[in-house]
Amino acid sequence: MNIKIRELKKEDINQYKIEKFLFKMVKESYDLDYVPEYHYDIKDLYKYYLKPQKNNFFIAIDTDTNKIIGTSGIRSYDRKYPIKNRNYSKNTTASIYRVFVEKKYRHQKIATSLIQKVEEFCKKKNYSEIYLHTQRPSYGALPFWLSQKFEIVDDTKDEMGTIHMEKVLKRDLLQITSISEIEESIET
């Protein structure tokens, strides 16, 4: 098995049937069909991921079969509702979306490789942190994100089991609140 991870190109959207793959994964993962308020970005990948300079979308391709087997998207933070004790902005905060790996390819570090590409991209675009949310019932999601050094910033304990998480990429000394954080920041 040979896996290649790369940025999505406009021509890949149809060639690899990205929308179909994403809706298949949404159905398998969340038992949802198309819900406009949640899935509008899937319907227009170019507009939400490829056109804006601070956004991107990565795909994992099994080069032996030339099939898409994984995805991860990154966008400037655009949530309309506040996250407890956080002050995210579209200029400094990236949001992860659509991280999926085909079932038979899981547990082979493909998602980890996708997230490494996302983090490299975020650092190049000068994001300070990466935000995501997941649902507690989503198979393997919480342990995966914790293994990637994301921290829980709010466990809402809502009916969907929504958990908000972040990974700090660079610390702003003006936002540091304790002496130990300042010392830690100076050492790194």
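Predicted model: local features only at pLDDT ≥ 70, side-chain atom pairs only at ≥ 80, totals over all residues.
Arg136 sits in the loop between β5 and α6. Is Arg136 buried, exposed or partly exposed? With a relative accessibility of 44%, Arg136 counts as partly exposed. Now show what surrounds it. Setting aside residues up to four places away in sequence, Arg136 touches Leu142, Asp155, Met160, Gly161 and Ile163. Draw a distance to Thr162 as well: Arg136 and Thr162 lie 26 residues apart in sequence, yet 6.3 Å apart in space, C-alpha to C-alpha.

Next, pick helix α3, residues 36–43.

To see one of the bridge pairs, select Thr93, whose partner in β5 is Glu129.

**Strand β2, from both sides**

Hide everything except β1, β2 and β3. β1 pairs with β2 in the antiparallel sense over five bridges, and Ile3 has Asp62 as its bridge partner in β2. On the other pairing, seven bridges join β2 to β3, again antiparallel. Here the partner of Phe57 in β3 is Gly73. β2 and β3 form a hairpin with four residues between them. Click on Asn66 in the turn: this residue has a positive phi of about 55°.

Bring the rest of the model back and colour by accessibility. How many of the seven residues of β2 are buried? The count is seven of seven, so β2 is largely enclosed by the rest of the structure. In a regular strand, side chains alternate between the two faces of the sheet. Look at each face of β2 in turn: Asn56, Phe58, Ala60 and Asp62 are on one side, Phe57, Ile59 and Ile61 are on the other, and all are buried.

Zoom in on Asn56, which belongs to strand β2. Its relative accessible area is 5%, so Asn56 counts as buried. Which side chain does the side chain of Asn56 meet in a polar contact? The partner is Glu7, at 3.3 Å. Leaving out neighbours within four places in sequence, Asn56 is in contact with Glu7, Tyr49, Ser72, Gly73, Ile74 and Phe121.

**The cores and α5**

The largest nonpolar core has 26 residues, and the members that touch the most others are Ile74, Ile96, Ile130, Trp145 and Phe150. Several elements, among them β2 (56–62), α6 (141–147) and β7 (162–168), each supply at least two residues of this core. The largest share, seven residues, comes from α5.

Centre on Ile130. Not counting residues up to four places away in sequence, its contacts include Ile74, Ala94, Ile96, Val118, Cys122, Phe150 and Met165. There is also a second, separate core of 18 residues; Leu45, Tyr49, Ile61 and Tyr97 are among its members.

Now run along α5 itself. At 1.5 Å a residue, its 15 residues should span 21 Å, and the end C-alpha atoms are 22 Å apart, which agrees. Select the buried residues of α5: Ile110, Ala111, Thr112, Leu114, Ile115, Val118, Glu119, Phe121 and Cys122. An α-helix has 3.6 residues a turn, so residues three or four places apart point the same way. Just after α5, stop at Asn126, which takes a positive phi of about 60°.

**Last stop: α2**

Finish on helix α2, residues 18–30. Its 13 residues reach 18 Å from first C-alpha to last, close to the 18 Å expected at 1.5 Å a residue. The buried residues here are Ile18, Phe21, Leu22, Phe23, Met25 and Val26. Show what they pack against: α1 (10–15), α3, α4 (45–50), β2, β3 and β4. Just after α2 comes Asp31, with a positive phi of about 55°.

Terms used:
Residues numbered from 1 in each chain as written. Heavy atoms only, no water. Pairing = 2+ DSSP bridges. Core = buried A, V, L, I, M, F, W, Y, C linked by side-chain atoms within 4.5 Å. Buried < 20%, exposed > 50% of the residue type's maximum accessible area, 1.4 Å probe, protein only. Contact = heavy atoms within 4.5 Å. Polar contact = N/O pair within 3.5 Å; in protein donor to acceptor, adjacent residues only side chain to side chain. Expected span 1.5 Å × (residues − 1).
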